[in-house]
Each structure stands twice: as structure tokens, then as C-alpha cells.
2 protein chains.
Amino acid sequence: MAIYRQDSSAATFRPHDSPDAHSNRRPRVVVVGAGFGGLSVARSLKGRDVDVLIIDCNNYHGFWPLLYQVATAGLEPESIAYPVRAIVRKYQNIDFQMIEARGVDFEHRLVLTHREPIPYDYLVLAAGSANNYFGNDALAEQTYSLKNIDDAQQLRNHVLWSFERAVNERDPRRRAMLMTLVVVGGGPTGVELAGAFVELIRHVLQHDYPMLDVSEAQVILVEAIDQVLMPFSPKLRSKALEQLRHMGVQVRLNSVVAEVSNGRVVFKDGSAIDAGTVVWSAGVQAARLAEALDAPRARGRRVQVEPTLNLTEHPEVFVIGDMAYLEGYKKGQAYPMIAPVAVQQGKRAARNILARICGKPLHPFRYADRGIMATIGRRAAVLDAFGVKLSGYPAWLGWLFIHLMALAGFRNRVIVLINWAFNYFTYDRGVRLITGARKMVDNR
Amino acid sequence: MAIYRQDSSAATFRPHDSPDAHSNRRPRVVVVGAGFGGLSVARSLKGRDVDVLIIDCNNYHGFWPLLYQVATAGLEPESIAYPVRAIVRKYQNIDFQMIEARGVDFEHRLVLTHREPIPYDYLVLAAGSANNYFGNDALAEQTYSLKNIDDAQQLRNHVLWSFERAVNERDPRRRAMLMTLVVVGGGPTGVELAGAFVELIRHVLQHDYPMLDVSEAQVILVEAIDQVLMPFSPKLRSKALEQLRHMGVQVRLNSVVAEVSNGRVVFKDGSAIDAGTVVWSAGVQAARLAEALDAPRARGRRVQVEPTLNLTEHPEVFVIGDMAYLEGYKKGQAYPMIAPVAVQQGKRAARNILARICGKPLHPFRYADRGIMATIGRRAAVLDAFGVKLSGYPAWLGWLFIHLMALAGFRNRVIVLINWAFNYFTYDRGVRLITGARKMVDNR
């Protein structure tokens, strides 16, 4: 509905609790970010006596847990993205605008954007995360990342185009380089991506390129410490390592990347790998918006929040999900940057906003930990959920089911299910297209 | 299979019919273009005693008859594109390379590319068509086109982004402009696109943007002559016009576009329309490659061919589909630039190549005209095929069935069918995503 129209511009807007405001104006809640956290806030406020505006620089909600399948030609980007307006149009009191938030003026209660500022009574910041290069910004230029749909499409295009180029490459060293993929970071994203790349090469590209000796192709997973999938139990971690190696992923532990330039990955110990594709999934930090805030930040530029999820100095401002730093997880650690935390924090933030409006006390965030899971490949996954630890086939089935159910939109669910069935039974990947090819051919 | 490897470079290649060639070398057929024509040649040569190399600047075969549905958020791009290697890997004697052809050296029998030249014994040019701006190249800069997947995605992104911008536009004139779409050209592409845009606006965007007065939105189909869908019978043409107008498309006949600049479409008679989106589908010509050939050309830069589809001066070179100019259609006209002509010419070219190899006489091309059809919208189409003239619901069902069957790849067929069912029953469009949005927000 038309909540934020011309008449709600910053110039004419007065806070709903200011003495000169119309006494019957509904409080306005602005939610920055249409990810798991932001949508959770909005859903929890549907039909309530507040006007909600979600803003995001994309017009869709991306289901990022499946993003690695877009990058490896298993799913079309459209199947994991769902238009935000298709969600909010069902609710009278929720609106959406495609706007980029660039900062917050806490004093005047304004979200600063690439257009004019947006006034709020209550604000929820849920802008998610960005890659963390730990101060080495050259890495951002020299590696691929996997944070959004454009990233995933670029990575897919680049890997497929590298194999096309390998066909005509006579220098065996350069040919091998074109077929070498390095994934830096042994967290869930890195593990899932490395496994999916090996399957793409072994099941699909090997048949597409019979003239190439695919044994020259390598997928190398690089991890700085001595194990992969840190958040999992030691037993599941070693299961995952075993499954990865069995599939053909070369796992290189205790290897810290010092530099990447022109396809050469140089490690701290002086050794190096030449790779046509280097993907950075070694670290995340809060979205850049966090940096623009006049608020205390913790590690990974996450914004320090009260247990009630709002800022100490500005109790009408809530920060949730990957952007928020709050301790209270296992052994007093900060809550991890994962979707279930964002969803549950969204619900809590929404309830606390409603409590504040009624003058009731706020409640601290309590996390109902339902577990974690990661997929490795065909019939291979690890799952530590609901008190059960699984690996292999049963974990993989659990992973499939839970992710399918979590997808937004019936159409997307059906399309993903069909793709999965196709990929599983044919050992094929239907989406191995190189889009925007003209630019690549020209730049070659 | 590895046919064209390092050892087949131009330097070492000798024509299979030259006296010093290895007597047992198989003739090499190079096919430029993986469209309907090129794939038809390749399929007709599968398992024969020739080596075939298809080259294309994309790694997929695009099913362009459904491209307008990608542009109007009804289908994901991936569902109408099929990887060429997924087709050719089934055949031992067919290979593919992702290379752009830039010319032909007829004397030395070489295809000139963006890399090194490719030698051939027989050549089939099937590079398709490009937009025709009739000498007014400024139109190319000022309008959107619909010739490939990137075009369709750009058009989709632009239209959706225009509506997002309209929400915040206070100037009613500019707001109406953002919601005005002009489609220039009343051929099948223009008619299909205009119909699909009206449905996108009426069925989807109207609900997505309740704050916009969608009656301000206009879809205007512009045609230079006094009727749309020229190739159809007068009765079907007037049926189509009636259906278009009934759906809400404003059809403007006898209107010749003189100029488009900054969203203002100016007509020869001095009148003008302000439109946020202008699509050019008023003319096609042969692909740019035709211009680079030392061969006689006819209207629309199509290459003049013998009735046997080869060049008079170079009988080992065949030109088919949209690129070829051959009279012999109704009343001595040139064959139209449509998929069935390309497919049938591909078969004929393949047979004539095999005939030449055996020293047998070539046969002239004969077209088995199965008819034409165009869709207009939901349950609205015109069909003139197999001696039957239909319009409305039955024509639409026929159109759906024939296009679904003609799609390459089982996965694509299922995905398209599901999308169609979803679009039909929910009146929704699942793929209304704005991709690459960051650039747009920044450039605003």
C-alpha cells in the first residue's frame, strides 16, 4: 500500500511520539534489507498497528544458501530469487522500495539513501554481510566472490569460458591453469562450492570436452587452519574432509593465502598455485552500511547491540542478523552469521518494537538452536540438527528437504525440485550457459 | 570429439580434394551459427562420413520465438537456451567451438575469427539476423532491441526499474512517461511483445504497485503501414488487431518513426510520444557477417544464393536461413526470415554437401510451408497452418503445443511448461527480477 508517498518526505515528517504529531498517526518502521532478517521482521509486523517500509538495493529476496548451485550451473538465478513485492503485496501495512541505504541520521531519525532521506520512528538494520579480505583489498580485485546473484553468474560464466579457452590452448601449463579452481576458505560456502565444482567437472564438463584431459583439472580447497567446517563437531568435520577428498577435491589445510595476482595464489610459506579461477570465501563481515553508522562496532565491523537487539544510545534502532554483534551463543561467543539467527532475531526485534510502542518492557533475544548443516555433493552432506548428527546420504536428504521447504515461493520450489531431479538422474547440469559472452570474446 | 586440434591449424591444413592431401582424410564442414539453421545442418550430418565443426559466439542455442517472454518476466533466460555442447556431445563427428566468425577467405577456404582462421572444405553460413535501423543508426543507441538473451534481460530490468522509479516520481508527466512503453514494428515480435507487456502491467504490476495509477501506463504498438502481422491473411490480421485492442494495446497504424531521442519518439507527421521504454522490432537484416563477405547481396544485406543454396562463385559455400536471399516463396518473393525456412534449408544444405562429396548432382531447395503463427496474449493468438486458419483460444493452444515441442532439451520443456502453468493459473510472473541493479542505482 501507498504508505511512503510524497507527503511523508523528511521535510514534513514528525515523529509519531512528538508532541505536535497527529495523535492518530501509526508508528513507522523502516527495515533496511530484504534478506532473512528483514523479511522476518516484516512478516512479524503484518496486520499490526504499524506501517512498515522495507528498503533494499535489489527488488528480490535472495535465497543465498543455494547460491553456490547457481555458480556451478545447477540452478538458474531466477529460481533462488523471489520478488519482494510479491511478498509484501499481500499485506496492507507493508510497503517496499528499491533504494540503497547509505547511512542513518540517528538524531533526526532519517535513513540516508541514494535519494532523499527516509524518516522513521523505529528502524531495523538487517543489511547482511559482505566479504572480508582482512585488510588486503587487492584480493577483492583478484578473486571471485559469492555474495549475490551477479557474483554467481560471473563465476559460472568465467569457469565455463575458461574451459572453452582451454580447448584452444596449446601450452600445457596454461591449459592446466585454465582448468584449475582454487576456493579459499573451508567454511560451509567453500566446502559446498568446491564439491559442486568437482561434480560439474567430473559429471558434465568431462563429457562436454572430450578433447581435454580432464585429469588436468583440479579443484583445490584452501583453509588456513587444520580443519574444514569449523562449526561442526570433530567427527562430522573429519567425515566431511573424507567425503571431499573421496570426491576428488584437493584439500589444502594450514595454508594461509598471502597474495593473489594474475591467477597465481601465493601462500605465506612461499608456495604457490596457478589457477584460472580463484574464489574468496574465507571471511565475512557486516555489510558496508555498518561502517557508516555512528555506533560502536565489534569484530567484523558488526554493530554492538543490547540483548534486546537495539542500540544503547538509540533504543528505537534495532540491528539484527549478520550485521549485529551479540554474545550469548555457545560458551559466550557471538551469534553466528547464519540465516536461522537472522530469522529469530527478526521476530524478536518486531516484538520488541511492538512492546516499546505499548510502553511494555523489551525481552532479550533467546536463540532456539535447531542446528547446522552443509552439503558436500551428490548424496554427501553433514548435518548436526535437532540433537542428531548425520553424514552421507541421510544428511543429504535432510539438507535437500529443509532447503526446499525454506525457499520462498511455490514456483521457485517446483523449479528447484525439477532441476535437482534432472541433475541427480542425468548427472547433467542444464544451466551451463555463458551469458554476456560478447564482452569476454572482445576482451580476450 | 577432438576434430579441430592443434594439428588442424591453417598452416598445416590441405583441402581434402587437393592432390597432396591424405587420401583418406574426411571432408571438413564448418557451420557458422548454432541457431535453427546451423543445428539443422549438423543434425543432418550426424554419423555421416564428414567432420563437422559448429562455431558460434555463444555457447548455447537460443530458442528466440520465446524471447519476448524472457523480456516480459514470464520465463527465465536459461529455460530458452540450450548448451550446444549438450547437443553435439552425442555425435562422434560433430564438434563445437565458441568463436566469433568475422569473415571468410574464400580463396584459401578459411573462416576468419577473433582468433586464428579455421580451415574448411565445405562451409555453411547460418549466422542469422540483426536489427535493421534502415540507415538511422542513432536508433540503435536510443531503443531497446530483442535479438538475444542479453537484450531480453536488459529490457526486463529496464521496464521493472522504470516502475520502481515511477513510485518516487512526483512529476505526473514524468511518472506517466516512465510507465509508457512503445514497441515499434507490428510484425510477430512486436505484436507478441506488446501483448505480453500489457499482461505484465495489468496482471502483475498493477498489484505490485497499488500506489501507482496503472491507468497512466500505456503500451503503444507502432506500425508504419495500415495493418499488423503482414504475413497473415487479411481476416487473421484484423482478428489480431481486434484482440490487441481488446487487451488494451494502443495500436498506432500508418505511423513512421522519424527519430527517437531521450525517450521522445517523433513521427514523420510531426507528432510525438514520450516513453520511458522504446523497443525496436521494425526491421531485420542479415547478420553483420554478411557485410564482411565478398559475395553479392540483396535486400536486407542477405547473401544471394543459388536455388541449391550455395554461392555461384564458390559452390562449396552454402548460406542458409535469415542470411540467405533466395526467391521462390509465394509470388516469387524471397523466403521469409523464419525458423522453419532455416531448418529446412539446413537439411537441404547438408544433403547437397553430401551430394557434392560423392560427385552427385545437387538439388534445389523446396519449402514445405506448414504455416505461420503468432501469439498475442492469454488465450489469444492467430495461426495459419496446415491449411487451417484459427484465432483466439484454439490458436493459442496450438501455439503453446508447437512451441513446447520445438524447444531443445527435456529440462527446458518441463521448466517452460511449469512457468506457463504458473503464469496462467496465478496471473503472476515469477521472474520479475531486476538483475545487475547496483549499476542502475548508481547511474540514476
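Which elements of chain B make a right-handed β-α-β unit? The close-ups below take up that question and then move on to other parts of this predicted model.

**View 1. The β-α-β unit of chain B is built from E1(B), H1 and E2(B).** Here strand E1(B), helix H1 (residues 36-44) and E2(B) come together as a right-handed unit. The two strands, E1(B) and E2 (residues 51-56), pair in the parallel sense over 5 bridges. To find your bearings, look for B:Val30, which stands opposite B:Leu53 in E2(B).

**View 2. Strand E1 of chain B (residues 28-32) is buried along its length, with 5 of its 5 residues counted as buried.** The strand is therefore largely enclosed by the rest of the structure. Follow the side chains: B:Arg28, B:Val30 and B:Val32 point one way, while B:Val29 and B:Val31 point the other way, and all are buried. In a regular strand, side chains alternate between the two faces of the sheet.

**View 3. E1(B) also pairs with strand E9 (residues 122-125) of chain B.** This pairing runs in the parallel sense and is made over 4 bridges. A handy landmark is B:Val31, whose bridge partner in E9(B) is B:Val124.

**View 4. Three strands of chain B form an open sheet in the order E6-E7-E8.** The pairing in this sheet is antiparallel. Strand E6 (101-105) and strand E8 (118-119) are the edge strands, each pairing on one side only. Between E6(B) and E7 (residues 110-113) there are 4 bridges, and B:Asp105 stands opposite B:Leu110 in E7(B).

**View 5. Chains A and B meet, with 49 residues of chain B in contact with 49 residues of chain A.** Several elements of chain B each supply at least two residues of the side that touches chain A, including strand E4 (81-83), strand E5 (94-98), helix H5 (149-167) and helix H7 (188-208). The largest share, 6 residues, comes from H11(B).

**View 6. A rotation of 180° superposes chain B on chain A.** The shift along the axis is 0.0 Å, and the RMSD is 0.0 Å. That is the relation of a two-fold axis.

Notes
Residues are numbered from 1 along each chain as its sequence is written. Chains are lettered from A and ligands numbered from 1 in the order in which they are written. This is a predicted model: local features need pLDDT of at least 70, side-chain atom pairs count only at pLDDT 80 or more; totals for chains, interfaces and linings use all residues. Two residues are in contact if their C-beta atoms, placed from the backbone, lie within 7 Å. Copies are superposed by least squares on the C-alpha atoms of residues with pLDDT of at least 70 in both. A residue is buried if 20 or more other C-beta atoms lie within 10 Å of its own, exposed if 12 or fewer, and partly exposed in between; C-beta atoms are placed from the backbone. Two strands pair if DSSP finds at least two bridges between them. A crossover is right-handed if, with the strands pointing away from the viewer, the path from the first strand over the helix to the second runs clockwise.
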